[in-house]
Amino acid sequence: MPLCGHLLPAVVMLLGYHGVSPSPGAPFTCDFERDSCGWQDISTAGYRWLRDRAGASPQGPQLRSDHTLGTDLDVAELRLELTHGAETLTLWRSPGPWGPDWQELVVPTGRIRGAFRVTFSATRNATHRGTVALDDVAFWRCGLPSFFLASVAEPSAPAVLSSPKFQASAPHNCSLVFYHYLHGSEAGCLQVFLQTASPAAPQTPILLRRRHGELGAAWVRDRVDIQSRHPFRILLAGQTGPGGVVGLDDLILSDHCKPIPELASPPPGCWAPGPWPQPSSLRPRSFCEPGHFFCGDLCVPPEQLCDFQQQCPGGEDEQECGTTDFESPSGGGWEDASVGRLQWVRLPAPDRGGPGPDARRAAGFLELVVVEGSRRELVWQALGSTAGGWKVDRVLLGARRRPFRLELVGLVDVDGPGQQGAGVDDMALTGCSPAAATEEDSEVSCNFERGACGWHTGHLTDAHWHRVESRGPRYDHTTGQGHFVLLDPTDPPARGPAAHLLTQPRVPSAPQECLSFWFHLFGPQIGTLRLVMRREGEAETHLWSRSGTHGNRWHEAWATLHHQPDSGAKYQLLFEGLRDGYHGSMALDDVTLRPGPCWAPRRCSFEDSACGFSVGGRGLWTRQANASWGPHADHTTETAQGHYMVVDTSPQALPRGHAALLTSEEQRPLVQPTCLSFWYHLSLRNPGTLRVHVEEAGRQQVLSVSSRGGATWRLGSVDLQARQAWRVVFEAVAAGVEHSYMALDDLLLQDGPCPLPASCDFEAGLCGWNHVPRPGLGGYSWDWSSGASPSRYPQPPVDHTLGTEAGHFALFETSVLGPGGRAAGLISQPLPPTAASCLRFWYHMGFPEHFYQGELRVVLSSAQGQLAVWGAGGRRRHQWLEGQVDVASAAEFQIVFEATLGGQPALGPIALDDVEYLAGQRCQLPTPSQGGGAAAAAVPAAVSGALLLLLLLLLLGVAGRRWLQKPGCPCRGEVDAVAPGFENILFRADRVTLPASITNDQ
């Protein structure tokens, strides 16, 4: 029989239970069949709780069934509250609305000291009708069991609490719930053991749960599941540290743990179980200090336990240290530390089927976490399901100087369909001993095809390098189909700003060593990759760095390592990836270390070193940043923190006519014509002349710059040919002017002839076009790629220069831009003033129809401001199109190609190719044949358009003739009087506005 009421506020309160106190452990139930069991109505409104029979109400909303006997109910909202003293807590609130059926509700109240009351409150809107009902109310497990007995422990052994014998009525449904208290000492420990009885003798107890350390001044609820087909005892062992307390309370066994009657009653007082084999963790250590491990005649200190070096003759100190196949009951030292419904359980072999039949739909993950003190580091993660069965994986833990623990964290949907779970097996820690290091483990030279050699990941952040296999847009340098190391901040999403890849400490093989490697930096928001050398007790030495995207291809780099002769000091090499965002990735491959110095680098930004440049005896050239004189920002990073080389040409530093030399290291011979480019900055006051020399057999001047400076960096370039080893020398000749200087930055040696200023076919690079992000343009970079290079971003299949997939182009992927009009710019070198010059280029847009709302613009930027001179939207797509515009500026200026997005993000690229700046020439009308793939692609469209135009003109001609032949037409005689002209509206789509003198001339 239910208890029901029509709803506004209606409340009931528990007063008693049939006038008799329930016995401990007995359920406190009420089915409302005989009476209200002490529940009373204390409603404050006009609605009341009624004890009613199902279907008995003659009108209004009726209950279709009661729950006990299965007969009549409707809909309502309900709240359950608990009152203890003056405090009232809401335990549960119905989500509502409900269906017409009975719903079972189970609400844990927790452990409550003292008397308490439970209140049901039901409410509804006064304009709606509804009924709420309660039936079969029961309190479970409110009594405390009293069958546990304490044993008297020896002073050096833990205190042990033992249960009587039990038998599980089913193999997997016996559980123990208990509350424990560990406070006051980090050495406190509580262990729960299971001891099964075999026909021959009791078995060695199996550890089910261990809690240790300082858990705070609070009672913690825990639960262990017991799986045993034989009779068993439960043993709880507690051991305290100095000033610590270990407590137990409220031990509750489930109904399926059936006691086995003893043959004879135990004597009064404490019952002590008979002899039983004790696990090693509970054996007395008569002559060992607390915390030491006892084996044979040895006491192993805690710092030597699980240090991957055997101390005990039988290796007992290394047996419970993670390596296990889980066949042993101890589980190799792995302990379940779960709190909640999910728990790790050791299963017998017949049940090891891996994930259940619904694993393909299972939602969850597995993670491996390294815990060092209070810091947790995620080192491995597997998402989703393993529908193919067991899978093997390997994780590099790297070198660690502090003790650490490993934690496996698993999460599955226990309420999902079918049997869902996560499992691990056959775990092994290999190569962890310092004495077990092999030659391969210390090898720096590595192509990553068979492993990571002597490189391992760092542990300062959750961003990590991973050894991966070539797949899709990711390919290695060695074979194009092999392995390399990758830093992808989205897999999994990284919160830390940096990721480290390190070597083991090693002894130098020579006073100078050369490290060469191939790197890949690609993406519109990639960050910085740098190389660092570490020596213990010394500051880090920065050897090399690159920032921003370097195109979708592999680049070779070198760095010379300098060591103190005969010092024997060990060093480490560190690659550090500093991310700027989540759009892009970094990769390394084919690392090689050899004795002797490297050739001079082909690129130098001066960010980490002077790149081997020598400054002569007087040392007038200096590498500086954050300086009070010289350029306020470098060219590489465009910040005050960036570095460059500078010489003071003031009379007191360098008298008039005197020179300061900056000489490079020896470069390897050139097999083809090569372009040397560099960025220079001259003070506003005339500093003198900057000369560039090449030393091969002798010294030859190849360039001289003596123009006055300004506030910007300028690009210089010179074509080189050298069949022997050679050097480049920068010579600053002073003019004797106060507060003057010359500066150099970003030297680059590229194959092929030097392009004209602001012109580029992008086959060898960006030709001085700057893709470094600028704050005013949203912080994103243009990139450089080819159709043949695998990429995660869409890109044109061929370039315009060669018309093949091997050709290169500049590229920007607009999907990284969000709504709001952010932009990304590709900026030319500074150009001199011009009255009329022509900018000609080819562009490619590939966007889905009707989604793109951005455009490609050409902007002239100077000290006077910015002026947009050309623009094209995304209405023409999937082919190379020619663009050209006349440019004029009375001041020095730069050309900016700007990609903007005004609407929602759209997946599609904007590409540029064959940019040509014709100084002093006006643009000509485009020729009928636009060449290459563009002309071929445009032929079908042009033919179709011409046929459609002819048909339209024919129809208009016939219609016009008939209209003019109509009698009384007033326009026929005035046709010749109308002056020829243009209609302005036809040109608005192309953003061309004709002068008023033309549009208004009638």
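**Group meeting: sheets, disulfides and confidence in a predicted model**

pLDDT is the predictor's confidence in each residue, from 0 to 100. A contact means heavy atoms within 4.5 Å. Another such stretch is residues 966-1002, with pLDDT below 50 and 20 contacts beyond near neighbours in sequence. Where pLDDT is low, the predicted coordinates should not be read in detail.

Ground rules, quickly. This is a predicted model, in which local features need pLDDT of at least 70, side-chain atom pairs count only at pLDDT 80 or more, and totals for chains, interfaces and linings use all residues. Residues are numbered from 1 along each chain as its sequence is written, and side-chain values use heavy atoms, with hydrogens and water left out.

Now the overall confidence. The mean pLDDT of the protein is 74. Of its residues, 70% reach 70 or more. Which elements have the lowest and the highest mean pLDDT? Helix 2, residues 996-999, is the lowest at 35. Strand 38, residues 644-648, is the highest at 94. Both element types are DSSP runs, numbered from the N terminus: helices are H or I with at least four residues, strands are E with at least two.

On to the sheets. Two strands pair if DSSP finds at least two bridges between them. In general, strands of a sheet pair through backbone hydrogen bonds, either parallel or antiparallel.

Look at strand 30, residues 512-525. Strand 30 and strand 33 pair antiparallel over eight bridges.

Strand 14, residues 174-183, makes seven antiparallel bridges with strand 17. Cysteine 174 stands opposite isoleucine 226 in strand 17.

Strand 50 (855-862) and strand 51 (865-873) run antiparallel, joined by eight bridges. Two residues lie between them in this hairpin. Valine 859 has alanine 868 of strand 51 as its bridge partner.

Now the disulfides. How many does a search of the whole structure find? Nine. A disulfide here is a pair of cysteine sulfur atoms within 2.5 Å.

Cysteine 295 and cysteine 312 come with sulfurs 2.0 Å apart. The S-S torsion is about -90 degrees, so this disulfide is left-handed. Cysteine 295 sits in strand 21 (293-295), and cysteine 312 in the loop between strand 22 (298-300) and strand 23 (364-372), so the pair ties together parts 17 residues apart in sequence. Buried or exposed? Cysteine 295 is buried at 5% relative accessibility, and cysteine 312 is buried at 2%. Buried means under 20% relative accessible area, exposed over 50%, partly exposed in between, with a 1.4 Å probe and protein chains only.

Cysteine 514 is joined to cysteine 598, S to S 2.0 Å. The torsion is about 110 degrees, so this disulfide is right-handed. Cysteine 514 lies in strand 30 and cysteine 598 in the loop between strand 35 (583-595) and strand 36 (603-604), so the link ties together parts 84 residues apart in sequence. Cysteine 514 is buried at 1%. Cysteine 598 counts as buried at 9%.

Last, cysteine 675 and cysteine 754. Their sulfur atoms are 2.0 Å apart. With 105 degrees about the S-S bond, the link is right-handed. Cysteine 675 is in strand 40 (674-682) and cysteine 754 in the loop between strand 45 (741-751) and strand 46 (783-786), so parts 79 residues apart in sequence are tied together. Cysteine 675 is buried at 8%, and cysteine 754 is buried at 18%.
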